[in-house]
Amino acid sequence: MPVGLFATLGTAYHFLWSERRDLIAYAFLPVLLVTFVQIAGLWATGEWQTVFEPPEPAPARDPDQAPPAFDIPRIHIAAMAANAVAAFVAYAMFAVAWFRRYLVGPEGMTVGAAMRWGQRQWRFVSRFLMLIFLVLVLGALATVPLDLLTASNPMFGVLARAVIVVATLLVTSRLLLTLPAAAVDRTFGFRDAANATKGKSWYMVGIYLFSLLPMLFVLIFVGQIVSGLALGIGGPSLTFLLVALLVQQAVMFIAIAAQVTALAEAYRQLAPPA
């Protein structure tokens with residue numbers, strides 16, 4: 001049976017709509033976790049009072065003057081680190097649970113039990129980090145000849161960078177099947193994923209990118225509405241910021257759910273039976 005990109009995306013979004021109650025239940029805790037860590041960081045740094053203000057233009061600087069020292073307060077570093085950890089943990093919890101919801105089905109357990117952190121989540125995280133490490137290594141290996149080419153011909157260097165970005169995207173997308181495999185406790189390595197997606201590179205790129213696009217457009221639209229409402233309020237409001245972040249994270253996790261579901265459907269179609 002031929003594998004079609006838009007058929008897969010349609011299947012994914014149909015599943016999200018038909019299982020919207022489960023989607024809300026599964027996304028509830030991750031959305032709260034990320035939102036409250038974000039709001040706590042904004043409150044601790046004091047940035048909640050300026051988050052909706054237009055950016056100020058950079059002051060003119062004397063070209064003979066030394067650039068100012070780049071110093072980030074520790075509280076800002078702590079807030080950024082907390083946001084990154086919370087977002088990653090929430091993503092792993094939700095992705096593993098939603099992969100299993102699609103590929104395994106209802107398992108007769110509570111949402112809390114499905115989201116509980118355990119060995120399965122650690123395996124998923126390790127596979128995810130290995131994938132990122134592999135991409136970084138490939139990018140680093142391509143940088144050396146790229147720098148040599150750029151030194152001799154800057155225009156050729158620009159073209160080469162674009163080729164490397166596309167090639168990295170093609171490789172990364174083909175290896176993404178290891179993530180749903182990890183969620184369902186299957187031994188399925190990078191070589192298995194590459195074999196399963198042979199001849200399907202652009203299909204996997206489409207799964208990776210186009211599954212996110214509809215909700216990202218929604219996110220931009222919501223951002224415009226929130227910005228307009230913030231201007232109407234006329235001053236900083238921690239309550240309004242909390243509601244805005246909750247809406248933003250809700251849309252983000254719907255986008256993540258769409259990508260996870262599309263990837264799970266691709267895994268179901270392409271991966272050989274266990």
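Predicted model: local features only at pLDDT ≥ 70, side-chain atom pairs only at ≥ 80, totals over all residues.
Local features are given only at pLDDT of at least 70 and side-chain atom pairs only at pLDDT 80 or more, while totals for chains, interfaces and linings use all residues. Residue numbers start from 1 along each chain as its sequence is written, and side-chain values use heavy atoms, without hydrogens or water.

**Fold and surface**

The protein has 11 helices and zero strands; helices (H or I, at least four residues) and strands (E, at least two) are DSSP runs, numbered from the N terminus. Of its 274 residues, 37% are buried, where buried means under 20% relative accessible area, exposed over 50% and partly exposed in between (1.4 Å probe, protein chains only). Contacts are pairs with heavy atoms within 4.5 Å. Among contacts between residues at least 6 apart in sequence, 84% join residues at least 24 apart. The accessible surface comes to about 16200 Å², and carbon and sulfur atoms account for 70% of that surface. These areas come from the Shrake-Rupley method with a 1.4 Å probe; for residues, only the protein chains shown count as cover.

**Nonpolar cores**

A nonpolar core is a set of buried Ala, Val, Leu, Ile, Met, Phe, Trp, Tyr and Cys residues joined through side-chain atoms within 4.5 Å. The largest core holds 53 residues, and F94, W98, F99, F124, L177, Y203 and F253 touch the most other members. Another core, apart from the largest one, has 10 residues, including L212, A230, A244 and A255. In soluble globular proteins, nonpolar side chains tend to be buried together.

W98 is part of helix α3 and is buried, at a relative accessible area of 0%. Residues up to four places away in sequence aside, W98 touches F15, L16, E19, D22, L23, Y26, A257, V260 and T261. One of these contacts, Y26, is 72 residues from W98 along the chain, with 7.5 Å between the two C-alpha atoms.

R100 also lies in helix α3. R100 is buried as well, with a relative accessible area of 10%.

**Pockets**

On a 1 Å grid over the protein atoms alone, a pocket is an open set of points where a 1.4 Å probe fits, with protein on both sides within 12 Å along at least five of seven lines; lining residues have an atom within 4 Å of a point. Grid points are joined across faces, edges and corners, and a volume is the space filled by probe spheres set on the points. Ala, Val, Leu, Ile, Met, Phe, Trp, Tyr, Cys and Pro count as nonpolar, Asp, Glu, Lys and Arg as charged, and the others, Gly among them, as polar.

| Pocket | Volume | Lining by class |
|---|---|---|
| Largest pocket | about 440 Å³ | 16 nonpolar, two polar, no charged residues |
| Second largest pocket | about 320 Å³ | 11 nonpolar, no polar, one charged residues |

The largest pocket is lined by 18 residues, with Y91, F128, L176, Y208 and Q259 nearest its centre. Helices α3 (74–103), α5 (119–152), α6 (154–175) and α11 (238–270) each give two or more residues to this lining.

The second largest pocket has a lining that includes Y13, W17, R20, F28, M215 and I254. Two or more residues each come from α1 (5–18), α2 (20–45) and α11, and α2 gives the largest share, six residues.
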